Amino acid sequence: MGPLPPTDRHSSQLWSCQGHHEDDTCPQKIFRKYIRSKQPRSRELALRGLRNLYAGRMQLLLPDALLWLQDMRADIKLQAIHLLQDIVAQHPASIRGVLSQLAVQLLSCFNEDNAEVRWRSMELFALLLEAPGRKRLLLQAERSLLPLFIHMNEDIPNVAQAAQKALIHAAKLLGWQQLQRLASAAEVWMIADCLLQKRGRDAEQYLKDTVLHLHSPQVPVRDTAVRFLGLLGRKLRNENREKMSDIRKGEPSPPAAPCPRKCHVGPTW
């Protein structure tokens, strides 16, 4: 029998490491090596092996999970998100020091091409908004409002529902009862009006965030982005008119033109 092909050799080596204990450094090194493999099967086995090694102490894999979440490959991101969900559920205190960092990383996953990455990242984001130390996430909660509103309009039910749930939790954390009520009722365009009225100062950021969604492969998302841009543009035009009107009202009256030297003021006789 000839030598095994590379993928089979990798799988054989990974399988041989399954069932070892956390203090076995050799399996740890092998698993971490193959997490970066180009073969999805090898990556899957490596991640499964690390989870088994650290069963009951998965919080020790938190630095690894944060690193894997930045990977360009969707399957690695998903494995990281699943691991982070377990850590948040089983060891919530362990994430206090990285709450803000994790929330920022999850925000960047909301626009991923892979629908499951979007869905799971929004689910995990909602969990963070209820975790110990969540008051540190006020800024990230505000930044999430518009992307979550737009993704509520996705035609993929799991993503739309996850976006709605996360939006409700974000509004609750921010103490924004009107938005929380509208999000619970899925009053889509009333949510849009609410965002524009209460967060008008964020117009420039709203513009940047909305433009990103114009390239979405989903028609409902693109339509929502276009319509929101229209509402945003109308609001900015109205505000500019009001500002110009206030400026004009505040301008001093122009001085009277000086009288020519030969001009006679008053009645002439």
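Colleague: At what angle do helix H9 and helix H10 pack, and how far apart are their axes?

Modeller: In this predicted model, H9 (residues 157-173) and H10 (residues 177-184) pack at an angle of about 165°, and their axes are 8 Å apart.

Colleague: What makes H9 roughly antiparallel to H10?

Modeller: Angles over 145 degrees count as roughly antiparallel. The angle here is about 165°, so H9 is roughly antiparallel to H10. As for handedness, H9 passes H10 in a left-handed crossing.

Colleague: Which residues make the contact of H9 with H10?

Modeller: From H9 come Gln164, Leu167, Ile168, Ala171 and Lys172, and from H10 come Leu179, Gln180, Ala183 and Ser184. By class, the residues of this contact divide into 5 nonpolar, 3 polar and 1 charged.

Colleague: Let's move on to the other pair. How do H8 and H12 pack?

Modeller: Helix H8 (residues 138-151) and helix H12 (residues 203-212) have their axes 10 Å apart, at an angle of about 35°. The crossing in which H8 passes H12 is right-handed. On the H8 side the contact is made by Arg143, Leu146, Pro147 and Ile150, and on the H12 side by Gln205, Tyr206, Asp209 and Thr210. Those residues divide into 4 nonpolar, 2 polar and 2 charged.

Colleague: Why are the buried residues of H12 said to be on the same side of the helix?

Modeller: The buried residues of H12 are Ala203, Tyr206, Asp209 and Thr210. They cover an arc of only 125° around the axis, so they are on the same side of H12. The face turned away from that buried side carries the exposed residues Glu204 and Leu212.

Colleague: Why is Ala186 called partly exposed?

Modeller: Partly exposed covers what falls between buried, under 20% relative accessible area, and exposed, over 50%. Ala186 has a relative accessible area of 36%, so Ala186 is partly exposed. You will find Ala186 in the loop between H10 and H11.

Colleague: What is the phi of Ala186?

Modeller: Phi of Ala186 is near 55°, which is a positive value in a residue other than glycine.

Colleague: Stepping back, how many helices and strands does the protein chain have?

Modeller: The protein chain has 13 helices and 0 strands.

Colleague: What share of the protein chain counts as buried?

Modeller: Of its 269 residues, 41% count as buried.

Colleague: What share of the contacts with a separation of 6 or more comes from residues 24 or more positions apart?

Modeller: In the protein chain, such residues account for 63% of those contacts.

Definitions and conventions. Residues numbered from 1 in each chain as written. Predicted model: local features only at pLDDT ≥ 70, side-chain atom pairs only at ≥ 80, totals over all residues. Heavy atoms only, no water. Axes fitted to C-alpha atoms, helices over the stretch in contact; angles between N-to-C directions. Helix = DSSP H or I, 4+ residues; strand = E, 2+ residues; numbered from the N terminus. Left-handed = near helix turned anticlockwise from the far one by under 90°. Contact = heavy atoms within 4.5 Å. Nonpolar A, V, L, I, M, F, W, Y, C, P; charged D, E, K, R; others polar. Buried < 20%, exposed > 50% of the residue type's maximum accessible area, 1.4 Å probe, protein only. Arc of directions from axis to C-beta. Parallel < 35°, antiparallel > 145°, perpendicular 65-115°, else oblique.
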